[in-house]
Amino acid sequence: MDFTLGRYFPADSPVHRLDPRAKLLGSLLIMIGVLGARSLPAFGLLAIGLSATTALGRLPISLVLRGLRPFFWLFLLTFLLNAYFTPGSPGPLGTSLEGTSQGAVLTARLALMVLTASLLTLTTSPIDLTDGIERLLKPLRRVKVPAHEVAMMMVIALRFLPLLAEEADRIKKAQMARGVDFEGGILKRLKNIVPILVPLFLSAFRKADLLSLAMEARCYRGGEGRTSFSELRFGLGDGLALATSGLLALAGTIW
Amino acid sequence: MGEKLVGRKVAYTGIMAGLTALGAWIRVPLWPVPFTLQVFFVLLSGAILGPRLGALSQGAYLGLIFVGLPLSTSGGGPGVVLSPTFGYLAGFPAAAWLVGRLEGKGFMRRSLSMLLGLGLIYLTGLTYLWFYFRYIAHVPRHVSELLWLGLLPFIPGDLAKAVLASCLAGRLGRLGWRSS
């Protein structure tokens, strides 16, 4: 199991230092702009904006582009299906001209959206993002969405995931030592998941009990009136970054 | 519903979210779709924690995927929303809620609630798949094709998971959270 949790790239740059709320909202605006873009200059402008962010964030370009890799087949499929199956005037290799341009626009849109998303997660650590989401969701308290508690659960899950994975591995080895055979036919392998799951649940519940004891011993009372060691500050730079993304999105949509 | 979320509940729900994430990793390579335990943990979270906390644990799991952790079978990050299988993920909190809501005594009742939860995941998953082909990839697919692609290959494995989950739910409900 690979625990390169998130693809956060730690560095000291203006982009990394931005308030996570500004980055979340800014990425959202850029994505809206990308959805509205249809002309070449619009795509160019948005691509320049993303490249500038990459440069400001001191990110290696190869790392940013690597975010596109899981989506490669999706891009190819989208492009080819559109190029071949859209009716229009014939182009090279049996494609249609309208289809090719439509496929190119859709592929560019998808690629820019994925790049925006990976820029966000490359420059912001999962903990900061969780913090940002918590603050952004706070107004939803009125409709009974417990923003703080959900953020707390996310952090707990993040902290305990490696422990649980280690535990699962240990249980598997312990059961093998007792003679459970994890090789063999499909049905047998499926059946053999059970002697892992039951101890895994029991150990997870035990961990949860200890954790809740520790939380209550420290007077955890939920989100109300809780203060935080690292306060988020929405400064001038954050406002500026957000305004720039807004302008980019607007320009991308109108052009 | 309006009760306070104290430490114990937050701890259990968080750990359940962690187990769901782990479920995406425990996989038996099978054809045509790999067998993972995700859905199993989704159904079980509703049965063990109840409707509200079950749904919250799945919400926290989706939140972790959103902030970039590669915890789903299609990676992580906000880009997951663009992947064809996002609909199934989006159905997880709703399914956990439904299972918790319908949860009762007895194996049959429990199995039935899990099957309905499973149906809910399929419903959102297929709806999104249709939407995805129609509006994101711009290549509309016929409904029958979608069923072949996004429903039938999953059914045998998921039925096995639902049965397994209903077996375990009875025992774990007694041992863990509710008794103490």
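Across all chains, nine aromatic pairs turn up in a search of the whole structure; rings of Phe, Tyr and Trp (its six-membered ring) pair if their centres lie within 6.5 Å, with planes under 30 degrees apart counted as stacked, over 60 as edge-to-face and the rest as tilted. This is a predicted model, in which local features need pLDDT of at least 70 and side-chain atom pairs count only at pLDDT 80 or more, while totals for chains, interfaces and linings use all residues. Residues are numbered from 1 along each chain as its sequence is written, chains are lettered from A in the order in which they are written, and side-chain values use heavy atoms, without hydrogens and water.

Select B:Phe40 and B:Phe41. Their rings are edge-to-face, 5.2 Å centre to centre with 75 degrees between the planes. B:Phe40 is buried at a relative accessible area of 0%, and B:Phe41 is buried at 0% as well (buried is under 20%, exposed over 50%, partly exposed in between; 1.4 Å probe, protein chains only).

Next, select B:Arg8 and A:Asp209. Their side chains form a salt bridge, 2.7 Å from N to O (a side-chain nitrogen of Lys or Arg within 4 Å of a carboxyl oxygen of Asp or Glu). The count between chain B and chain A is one such bridge.

Finally, show the whole contact (heavy atoms within 4.5 Å): 54 residues of chain B and 63 residues of chain A take part.
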